[in-house]
Amino acid sequence: MFVHNKRLQYTVRVAAPNPGLANLLLEQFGGPQGELAAACRYFTQAVGEDDPGRKDLLFDIATEELSHLEIIGSIVAMLNKGAKGQLSEAVESEAELYRSLTGGGNDSHTTALLYGGGPALTNSAGVPWTAAYIDTIGEPTADLRSNIAAEARAKIVYERLINVTDDPGIKEALGFLMTREIAHQKSFEKALHSIQPNFPQGKLPGVPEFTNVYYNMSSGNDARGPWNDGADWKFIEDPQPAVDGGDGLATVGVSAEDIDVLKAMAARTASDATSDPKTGADLGSGQA
Ligand code: MN
Ligand code: MN
């Protein structure tokens, strides 16, 4: 079950309304790296998890992400307070209202007009939130790695948002949210490495002859480093088809009837390399 406490996980002090900034912050409300995506990602993983340690961890973090959603949504709501009243009560002249909504140079007018100044489940460009942001595959050694990357991306978006506001209260709250993503990243890393082995993911090992091979597939300005050099790696300077030793062609076994049909289709759609067809371009250019 869920219970709700009306006090936030972190106190929100917004100095003054700013619809443009509110719109930017929507990135962490309904964007791909935002708190709703994080909460849904970990909540669904927790429900499907059987390991008691990971289940508890995922439920704790999912619920904390909902608390973050509440914080960021509250900041958005505070930043829109002025615009919300002005829009619904029309106390300003039309021109002033228009300027206040569009003056930030971003899409704040969209969220203000469409969503009445409340926190909308969109990103900062007004794109609706989608479950497609969540890439859970149902295998903890893969999902924990994706969770670590998701936390890293959320941390970076917060860092960028901190850099676009000089409001000390907002900077502080965003700093808290950013820092919690670091803590989550650490927990997910610990959880990943508490599963041994965790690489490669899943049950099947890699095919030995291809597992530690580096193919130099883009030639010119080749750089060597630990990612392709050293005792771990067999470096193939000039890869050629086919690395399995076969002829590199695709084949399939089909029935005699299908062969006849495929041959008839090939004959019907065969191209004549000796033809010189007139085209619409020729007609249009007056050269037909
Ligand atoms: Mn969060
Ligand atoms: Mn997090």
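Predicted model: local features only at pLDDT ≥ 70, side-chain atom pairs only at ≥ 80, totals over all residues.
Residues are numbered from 1 along each chain as its sequence is written, chains are lettered from A and ligands numbered from 1 in the order in which they are written, and side-chain values use heavy atoms, leaving out hydrogens and water.

View 1. Donors here are N, O and S atoms within 2.8 Å of the metal (3.2 Å for Na, K and Ca); water is not among the atoms, so sites may look incomplete.

**View 2. Glutamate 65 between two metals.** Glutamate 65 bridges the manganese ion (ligand 1) and the manganese ion (ligand 2), and those two ions lie 3.7 Å apart. Three residues along, about one turn of the helix, comes histidine 68, and both residues are in helix H4. Helices (H or I, at least four residues) and strands (E, at least two) are DSSP runs, numbered from the N terminus. Glutamate 65 is buried, at 0% relative accessible area, and histidine 68 counts as buried at 0% too. Buried means under 20% relative accessible area, exposed means over 50%, and partly exposed is in between (1.4 Å probe, protein chains only).

**View 3. The glutamate 64 to arginine 180 salt bridge.** A salt bridge puts a side-chain nitrogen of Lys or Arg within 4 Å of a carboxyl oxygen of Asp or Glu, and the whole structure has six of them. In this one, the side chains of glutamate 64 and arginine 180 meet at 2.6 Å, N to O. Glutamate 64 is in helix H4 (residues 52–79) and arginine 180 in helix H9 (residues 168–193), so the pair ties together parts 116 residues apart in sequence. Glutamate 64 counts as buried at 10% relative accessibility, whereas arginine 180 is partly exposed at 26%.

**View 4. Arginine 41 reaching a loop.** Arginine 41 makes a salt bridge with aspartate 135, with 3.1 Å between the closest N and O atoms. This pair links distant parts of the chain, 94 residues apart: arginine 41 belongs to helix H3 (residues 35–48), and aspartate 135 to the loop between helix H7 (108–115) and helix H8 (140–162). Arginine 41 is buried at 3% relative accessibility; aspartate 135 is partly exposed at 42%.

**View 5. Arginine 224 with aspartate 229.** Here the side chains of arginine 224 and aspartate 229 form a salt bridge, 3.1 Å from N to O. Arginine 224 is partly exposed, with 41% relative accessible area, and aspartate 229 is partly exposed with 37%.

**View 6. The cavity and its lining.** On a 1 Å grid over the protein atoms alone, a cavity is a set of points where a 1.4 Å probe fits but cannot get out, and lining residues have an atom within 4 Å of a point. There is one cavity of 30 Å³ or more. The largest cavity holds about 100 Å³ of space, volume being the space filled by probe spheres set on the points, which are joined across faces, edges and corners. Its lining takes in 14 residues, with Pro32, Gln33, Gly34, Ala38 and Ala150 nearest the centre. H3 and H8 are the elements giving two or more residues to that lining, and H3 gives the most, with five.

Terms used. 1 Å grid on protein atoms, 1.4 Å probe; cavity = no way out; pocket = protein on both sides within 12 Å on 5 of 7 lines; lining within 4 Å.
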